[in-house]
Amino acid sequence: MAYNKLTAEEERVIEHKGTEMPFSGEYEELFAPGTFVCRRCNNPLYSAEAKFNSGCGWPSFDDEVPNSVERHTDADGRRTEILCAHCHAHLGHVFLGERFTKKDTRHCVNSVSVRFIPEGQPLPPVLNPD
C-alpha cells in the first residue's frame with residue numbers, strides 16, 4: 001500500500017518542512033478523546049490525552065506514543081524538529097522547559113501533518129511506500 005495522497009499544502013509542510021499559519025489548523029481547538037496519526041502513513045503519534053492548550057496557535061502535546069516520533073536538531077542548531085518515526089514526515093518542533101505541563105515538553109504540531117481518529121473508531125493500517 002502506498003502512502004496517503006497529500007494535498008499541495010500537506011506536501012509543502014510534510015515533505016518540504018513548511019509551517020501552517022498559526023491559529024489556522026483544524027486541530028488547534030480540538031479536545032476530544034482519540035488518537036492523532038501521521039497524515040502521510042497513519043502511524044499513531046499522539047493520544048488526545050497528551051494534548052493541551054498552549055495558546056501558541058498550533059496543536060500542542062506533552063507526550064508522544066512510544067517510539068513514534070524522532071527528534072532532529074535543525075540545521076541552524078536552534079530548534080529541534082519532530083518527524084514521524086515511520087515515514088519521516090515533518091510534524092513540527094519540540095520545545096522543552098516552558099513549564100506548560102508537568103512533563104515540561106511541548107510538541108508544536110502542524111494540523112496538516114496529522115489526522116484525528118475519534119475514540120471508538122479503528123485506527124487505519126500503517127502504510128509503507130510503494
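Modeller: Two strands are taken to pair if DSSP finds at least two bridges between them, while helices (H or I, at least four residues) and strands (E, at least two) are DSSP runs numbered from the N terminus. The model is predicted, so local features need pLDDT of at least 70 and side-chain atom pairs count only at pLDDT 80 or more, whereas totals for chains, interfaces and linings use all residues. Residues are numbered from 1 along each chain as its sequence is written, and side-chain values use heavy atoms, with hydrogens and water left out.

The open sheet is built from 6 strands with antiparallel pairing, in the order S3-S4-S8-S7-S6-S5. Its edges are S3 (51-52) and S5 (69-73), each of which has a single partner strand, so one side of each is left without a neighbour in the sheet.

Turning to the charged side chains, the whole structure holds 8 salt bridges, each being a side-chain nitrogen of Lys or Arg within 4 Å of a carboxyl oxygen of Asp or Glu. One of them joins Arg-12 to Glu-9, with the closest N and O atoms 2.9 Å apart. These two residues are 3 residues apart in helix H1 (residues 8-14), which separates them by about one helical turn. For accessibility, buried means under 20% relative accessible area, exposed over 50%, and partly exposed in between (1.4 Å probe, protein chains only); Glu-9, at 34%, is partly exposed, and so is Arg-12, at 35%.

A further salt bridge brings Glu-15 and Arg-40 together at 3.5 Å, N to O. Glu-15 sits in the loop between H1 and strand S1 (34-38), and Arg-40 in the loop between S1 and strand S2 (44-47), so this contact ties together parts that are 25 residues apart in sequence. Glu-15 is partly exposed at 40%, whereas Arg-40 counts as buried at 11%.

Glu-26 and Arg-39 also meet in a salt bridge, at 3.1 Å, N to O. Here too distant parts of the chain are linked, with Glu-26 in the loop between H1 and S1 and Arg-39 in the loop between S1 and S2, 13 residues apart.
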